Amino acid sequence: MKRLLLTLVIALTAVVAFAQRNVTGRVTDRASGEALIGATITVKGGNTGAITDTDGNFAITVPNDEAVLLVAYTGYESAEVAVGAQSRVDVMLDAGSTLVDEVVVIGYGKQIKSTLTGNVAKIGGENLKSMPVVSVEQAMQGQAAGVFVESVNGKVGGAMRVRVRGVGSINAGTEPLYVIDGIPIAKDARNTSGAPLNPIADLNFNDIESIEVLKDASAKAIYGARGSNGVVIITTKSGKSGRPRIELDVQGGASMPTGKREFLNAAEYIELFTEAANNSDDIDGLPYDDPDSWTEFTLGRFSRYSGFNDSWMEKVDRTDWQEEALRTGSVFNSNLSFSGGNDKVRYYASGNWGNTEGILVSNDLEKMGGRLNLDFDATSRLKVGVNLNLARTLTHQVSNDNAFSTPMQLVALSPITPKRDENGELYDRPVTIYYNGLIDVEDGSREVFTFRTIANVYGDYSFTEHLGLRVEGAGNFYNVRDDAKFGERTDNGNDSRGYGYSAFAGATDWNTNAVLHWDRDFDRHALGFDLGTELFTSEYTRTYVEGEQFPSDDFKTLEAAASITDATSTLTNYSFLSYFGRARYNFDRKYLVNISGRVDGSSRFGKDNRYAFFPAASAGWVLSEEDFLKNNSTLSFLKLRASWGVSGNADIGNFLSLGLFQAGNYNGNSTLNPEQIANPGLTWERSTETDFGIDFGLFKNRLTGEIDYYIKNTTDLLLEVPVPATSGFSTQFQNIGELQNKGIEFTLNSNNFVGKFSWTTSFNIAANKNEVKSLASGQTLIDDGSNTNVVKVGEPIGVFYGPDYAGVDPENGDALWYVNETDDNGNIINPGATTNTYDEANFVVLGSPLPDVIYGLDNTLSYAGVTLNFRFQGQAGNEIQNGAGNFMSCGACWFDNQTRDQLDRWQQAGDITDVPEARLGYGNGEQVRSSRYLSDGSYLRLKNVTLAYDFPSKIFGKTGLRDLRIYVTGTNLLTFTKYEGWDPEVTTDFLASNIIYGVDFYAAPQPKTIVAGFRVGF
């Protein structure tokens, strides 16, 4: 009997064992296809469970074919899936509400947002697609709290400024570190002349899966010496298993300036200048005491040209030079992508071509590129892949804002000046008071070609279920060819029978890293660590040659130049060697701890301080997982977090720590001249940051948000400090001084309506206070005397500093300034006292170019296939200086055309106005360094509007179409501002630096663009 029972038990056990089997699968977001990390899978009615890995994969043992899997993920609707005879079960979950547990990319890995203890802002690729802008930074504008994005002007492909949580340095770099598919990308403009170009304008943002901005110390400290200004991680799309997908997106439209200034017409010009001449004394021998003599003097210069006669004024009195500089531009963009794969191989490939004709004459950009991303499961343990991107751009460039040849400076020409003579030739000096920049348009060219290749190869090997090693090797090859040719009549070619140059610059970056990663769950405990090393090297070369004396303007290359006037070549390089580690722990997904550290070494720093250690720590407490809040019907999610860490800034010149010599020439003999004194102790600028944050979700996470307060102190600022003259040098770069940024950020996301009619809202706002805490010993001010922006202890970087304009003396029309005399304690004596002598006015702080607040508001409404999305973006609390005010708004101080507000000038005793009496030939309050030319730079802009219709898929039948969207999109459609200039989003490109902000010097306005397009999927 016992033997029979034993036999039955053994047989039953064998049957059960035979019935049990392993099932694998992947859990993804139904809408985006994105992997869901940390989703739980359990067998219904059993105790067996599993959790998805970083790719959304899982493996679980089921008892039999009748098993049912329960799949759950925070923020998503749970699903029950019958296994049946399947060995693989892929599950797609629907978002139940605003996602709290989305996956975010962090440095060298991914993490679930609910377990994140740092501050990472995520911008999804869907928020970037189809925007009719040139660069990815423009598409980011207003979408992340605390991330300031500015186009310095409206030139196509022009430089951009991005600041994460304020301006972080005086002399070192202030841009965040950009990491594209694992490789750091430099943001240095490489073109030789003209306005600086944006080096990542070639990136196709339709290829972007997501952008993560690492903002606080805990998030960015893993990048150590390069993370002080924040880190922008750009991840491109990868293929997904399943049916192949083809998508084509085509759009086209037009653009126009967002704003124009009002200038005097011919009659007003004659009226004002006649009066100004009458108000002036004799100057330089010109008989300005005769009200008509200035006109005779000006017109007399025109008599040198054929076609001049007494009636000539009547024919040319309507020249609108602003209309000659600005035009209606055009936009065309196209993008074609292929994606798909199976369990072993996944692919994403794309190609793009676009052409943007700018709103400035002769300024346009063409770009094209291609991408191939491959992922291959070589074995059950080894995954390999490659990301390859090729891009080419051609920019027809214009001069920087300070050149007479830049189109915007055409507005300085008077409206009584003709554009062409009777033979159709463009007039130039002496007919025009300044160079006619249209000659550059017709007889000159600047072509900037850029070629970029980014390649990344990786291998990821799993030693066990929990332990793996990822190795990456990447290269960034960026080449710029800058060719220019100027005809004999151009400003550059004048007196030299034509002039030209050709430059070639090449940057080669190599980046390799290896990261050992281990993650394991122990019941209610989860533990993980990363250990890694990274090597980055960069080499930059440049060759330049210029020549003149061309046989004719038809010759465009330097081969035809009779005289080669200059030639040079340069080579520079730098490198980083790094070791880093990170450990994370959470208990029951309630108590979270993260610790990281990185050791960086750089060739840029002195031999005594070549290496530095950058630690960080953070913690979080998910209160909503506690018993006292777990079933709260209102509060769905609540997490408190705090972080502290140190990061560095290594974005400086490559050889500032070394003693340098400059090669020279003396009587035909080569020489070496001392140029820079060595500083072997030169080291990193260090930022120590503390952050306190709250993440919350209400009403089943239909309303979610974040609140953060941070304070960041940057020490060891890199400054040029005076040294004793006995050293043979005047200054030396040293680490000295301190800077602080502190502020608060608030983000709110809401699902206002869910269902057939849906409405979502996202709002972010951030306030930042920037303050210079200290400079070199005994130093309180850095002021080169040429700009209104200065560095002053106790004030923000770049604060405006100069005499305070007090208006006009109503008795005599003189410009007035406040004296602002102070006592020994800095208190103003006799407030309100004024003077009509500029040099008697004391300098005071006039305002800050840095905004107190930046914000963005995004809304998306959808019903029956119709979607309306609109985003507002803006800033407040900053001032803008009209740096050209002493030319264009100076009451006819010289022959430049004037803005129409100058008609409000003082004319007789008793007049109350802010515009002084017009006086030709010398100044009356025209000093640009004063508050006269400052105005409020706050603005609110309707940044983007898209109206789209998605056709229902059922109408396509067997046509092979999956989806079709038609849309109309507009950017910069409305701007609300008190700023008096062309556009409030401005910093002139020839002065842009860490100190110079908010200065408008003939800067082109931003383009207002409207496009129509379609997106079709197969």
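**Exercise 1.** Decide whether phenylalanine 580, at 5% relative accessibility, counts as buried or exposed.

*Solution.* Phenylalanine 580 counts as buried because its relative accessibility is 5% (buried means under 20% relative accessible area, exposed over 50%, partly exposed in between, with a 1.4 Å probe and protein chains only). The model is predicted, so local features need pLDDT of at least 70 and side-chain atom pairs count only at pLDDT 80 or more, while totals for chains, interfaces and linings use all residues. Residues are numbered from 1 along each chain as its sequence is written, and side-chain values use heavy atoms, leaving out hydrogens and water.

**Exercise 2.** Find how tyrosine 108 and phenylalanine 580 are arranged as an aromatic pair, and which parts of the chain they join.

*Solution.* Begin with the total: the structure holds 31 aromatic pairs (rings of Phe, Tyr and Trp, the last by its six-membered ring, pair if their centres lie within 6.5 Å; planes under 30 degrees apart count as stacked, over 60 as edge-to-face and the rest as tilted). Tyrosine 108 and phenylalanine 580 form a stacked pair, with 4.4 Å from centre to centre and 20° between the planes. Tyrosine 108 lies in the loop between β8 (103–106) and β9 (109–112), whereas phenylalanine 580 lies in strand β26, so the pair ties together parts that are 472 residues apart in sequence (helices, H or I of at least four residues, and strands, E of at least two, are DSSP runs numbered from the N terminus). Tyrosine 108 also counts as buried, because its relative accessibility is 18%.

**Exercise 3.** Determine how the rings of phenylalanine 404 and tyrosine 434 are arranged, and then state whether each residue is buried or partly exposed.

*Solution.* The ring centres of phenylalanine 404 and tyrosine 434 are 5.1 Å apart and the planes stand at 15°, so the pair is stacked. Phenylalanine 404 and tyrosine 434 both lie in the loop between β21 (382–396) and α8 (438–443), 30 residues apart. Phenylalanine 404, at 36% relative accessibility, counts as partly exposed, while tyrosine 434 is buried, with a relative accessible area of 15%. Elsewhere, Tyr269, Phe273, Trp894 and Phe895 form one aromatic cluster.

**Exercise 4.** Describe the surroundings of serine 647.

*Solution.* Serine 647 is found in strand β29 (residues 635–649) and is buried, with a relative accessible area of 2%. Leaving aside neighbours within four places in sequence, the residues in contact with serine 647 include Lys220, Phe614 and Arg686 (contact means heavy atoms within 4.5 Å).

**Exercise 5.** Follow the pairing of strands β19, β20 and β21, and say how many bridges join each pair.

*Solution.* Strand β19 (residues 345–357) pairs with strand β20 (residues 364–377) in the antiparallel sense over 13 bridges (two strands pair if DSSP finds at least two bridges between them). Asparagine 352 has glycine 369 in β20 as its bridge partner. The two strands β19 and β20 form a hairpin with 6 residues between them, and serine 362 in the turn has a positive phi of about 65°. Next, β20 and β21 run antiparallel and are joined by 14 bridges, with methionine 368 standing opposite arginine 392 in β21. The strands β20 and β21 also form a hairpin, with 4 residues between them.
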